[in-house]
Amino acid sequence: MAESGDTKADSSSADTEHLYHWQDVTEDFVEAASELKLGELLHDANFGLFEAMSAIEMMDPKMDAGMLCNQTKRKVMNFEQALEANAIKIVDLTVEEQIGIIDTTLACVVTWLEGHSLAQTVFTNLYLHNPFEIEDRCLKAFSICILKTVDLIRDRINRASVFEEEDFQPMSYGFKMAADVTDTRATGMVKEVEEELNRVIKNTRSKQGEQRDEATQQEHELSLAVYSRLKMCRLLFSTLVSLSREKCQGVQDAEKTINQLGELIVVLKRTVKYGIQPKDAQDNEYPRIMGFEPLVNQRLLPPTFPRYTKIKSREETVCYLESLVEDMKTICSVVEINSFHVAMEFFLEFSKRSPSVLVRSLLELLYLPQNRRVFGTQLMTDVLRDTVRNFIAPPVLQAKSPIINNPQAKEYVDIFLTHAVRPMSTIIQITGHNRARQKDKWGHLLEELANLQDEADKVDAFLHSLLVKSDPTRQHLACFGTWVLYHTLRVMIRYALAGFELELYATHEYHYVFWYLYECLYNWLISTLSRADSFVMEQDTIADQKKSGRNHKKNKKKARQRQNSREISLMQAQQNLCAGYYKAIVGFTLDGKMKRPDLEFDSEEVRYNHRFAPFGSVMTPPPVHYTQFKDMSDLSHYSPQPTAINMYVGACKHFQQARVLFETLSQPADQEIQNLIKVAKTNFVVMKLLSGGHKKDSTESPEWEFSTHNTFPVIKL
């Protein structure tokens, strides 16, 4: 038999060799490669640098994720195998085991929400592979509820579509998500177990005049711990279901459950140590308690570079859930906002907190669900119409306007607002992406806004020609154009400031970035806001002249004056900060304190053009080219030429003015304004010292410290 087998193997090998004509090309390959010089790469039409960098060396543990399974000495078992080997229990679990499994599963869910795959996080829990086989009522109800929650989270995040590959991995790898169980049944199962535990909690509660023994007290604490976890999972699922209802109808219910979640987090914090812990200290990164197998799904992963997955600790998980609850409470207030501009500010401020991908997605879907109506009910064009009316009061949108009923005027305005929906919706959507990705998206949006700006100017010119025929004393120039320009400038400023937050700029680039903000962008924005206010007042005056009663005119004028005054003051304050930084850097350069790099393989012009490249697509404001910047910032134009002391004194005045403006806007609850006041005060003191000759002879470079504020730094000597 052995001979027969060997003969068969030999003939099979011979057939394969004959079929494929294998040839050893190792020597030829090495000889050909030896002709390449150091640093040279071979390029082919079908194999370029991208393919070379993307290639995976199969069977190499460092490159092939599937090889991790072959590196462990223990047997990797799935649910059925583990059950057969008595490695897991499906009935009569202790309370400590229940707590440990629940806490580790929650840690896996949180790790998944941090950007890892379901296969390496949530579905390392073997119980979730087949929850209907579990006989323990508590664990079965929890497992089904978690599966339903994970499925709903996937749905919400996919629908919002504000995630990147580093944020979230939606792939489910074919795992079943308990789709056969209805939402009501899933929450009902958990509630039944809660009621059982609640009876135990009541029976073991300390009673007046009675002393509890240690065993009863421990039973009470452990039962309370399981009860709190189950209730938290049920309420989290109910909250997500409520926030998923159409037209924001479930927000009130969500607010109630969110408040209850906040109370339960306190109990979770106190009882986080009660569950079973991993036996091996090395398992802390990938906790392996009963029911968890880190490598069970390794073969499901595509042949890619192994991704290091560290499961969150239980303490970190509770902290994450606490911030998640706080953020969900915050987003519920968005339904109270009526103005698009106020909503935009809400989204921008909320984005600064770097919330999780789940909360960002929920907020996007609350304000602009998939039907693209605001809150699911209002047409975006109607919302934008009201926004433009409140911002600059174009005559065509005024009730007594002679052209309000003109069919051509109405058609032009409707078409313009329809075209404005996409870029304005994109502004809201961009704020839902993570902070690192927003900068590039702001740059791309400028192209759309430039096209909208061009259309707005044409619409204004046409409406002006109609209005002059009906009422020669009135004008309709730069109304829609001013509104679009306002948003364009806000996007440009966000784009420029994002570079500081993301630490993209080298210190020797700061001077032209701050100069561009101070001299160009903030100047244009303040001018745009002032023009909008002036135009609104003009329209009010015209309307009041047709009415009797001067008191009405004064009251309305005062109310209108306050419309953009806060934003103008805020922009002026930020402009003064940028001016202070620019003049401080010029002073440092004159004093020899700012070191410039050797530009043998680089040039400032190339860097400048690269930093402001997206601004080239915008016609208003016109882009400032490098030659213009050099000419406008050339100190030789001044007579006498300013010294470093002069620049420090100028910077000192700007920081002082910024502080005064911020203090007029200050509110105790506004932490960002408080931080900006601190930045302005500190920089004022530093400039004051330098203008007095402090460290005059030192050539040590200043430090730029961004811990107080991530955009506007504190200067340290």
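Modeller: Of the 717 residues in the chain, 49% are buried; buried means under 20% relative accessible area, exposed over 50%, and partly exposed in between, with a 1.4 Å probe and protein chains only. This is a predicted model, where local features need pLDDT of at least 70 and side-chain atom pairs count only at pLDDT 80 or more, while totals for chains, interfaces and linings use all residues. Residues are numbered from 1 along each chain as its sequence is written, and side-chain values use heavy atoms, leaving out hydrogens and water.

Colleague: What makes alanine 119 count as buried?

Modeller: Its relative accessibility is 2%, and the cut-off is under 20%, so alanine 119 is called buried.

Colleague: Where is alanine 119, and which residues is it in contact with?

Modeller: Alanine 119 sits in the loop between helix H5 (95–113) and helix H6 (137–160). Helices here are DSSP runs of H or I with at least four residues, strands are E runs of at least two, and both are numbered from the N terminus. Leaving aside neighbours within four places in sequence, alanine 119 is in contact with Thr124, Tyr173, Asn297 and Leu301, where contact means heavy atoms within 4.5 Å. The C-alpha atoms of alanine 119 and leucine 300 are separated by 7.5 Å, though these residues are 181 apart along the chain.

Colleague: And serine 228, buried or exposed?

Modeller: Serine 228 comes in at 2% relative accessibility, so it counts as buried. Serine 228 belongs to helix H8 (residues 214–243), and, again skipping neighbours within four places in sequence, is in contact with Leu264, Val267 and Leu268.

Colleague: Why is glutamate 31 called exposed?

Modeller: Because its relative accessible area is 53%, and exposed means over 50%. Glutamate 31 is in helix H2 (residues 26–33).

Colleague: Which residues gather with Glu31 in a patch of negative charge?

Modeller: Asp24, Glu27, Asp28 and Glu35 gather with Glu31 in that surface patch. Patch members have over 30% relative accessible area and no salt bridge; like charges are joined within 9 Å, and nonpolar side chains (Val, Leu, Ile, Met, Phe, Trp, Tyr) within 5 Å. A salt bridge is a side-chain nitrogen of Lys or Arg within 4 Å of a carboxyl oxygen of Asp or Glu.

Colleague: Which residues form a nonpolar patch on the surface?

Modeller: Leu41, Leu49 and Met53 do, with about 380 Å² of accessible area together; areas come from the Shrake-Rupley method with a 1.4 Å probe, and for residues only the protein chains shown count as cover. Leucine 49 is in helix H3 (residues 49–54) and counts as exposed because its relative accessibility is 52%.

Colleague: What about phi in asparagine 86 and aspartate 92?

Modeller: Asparagine 86 has a positive phi of about 60° although it is not a glycine, and phi of aspartate 92 is near 55°, also positive. Asparagine 86 is in the loop between helix H4 (79–84) and H5, and aspartate 92 lies in the loop between H4 and H5 too. Asparagine 86 has a relative accessible area of 68%, so it is exposed; aspartate 92, at 63%, therefore counts as exposed as well.

Colleague: Which peptide bond involving proline 621 is cis?

Modeller: The one from threonine 620 to proline 621, with omega near 0°. Proline 621 is in the loop between helix H20 (604–611) and helix H21 (626–632). Another cis peptide bond joins serine 639 and proline 640, with omega about 0°.

Technical notes:
Lys, Arg positive; Asp, Glu negative; His and termini not counted. Charge placed at Lys NZ, Arg CZ, Asp CG, Glu CD.
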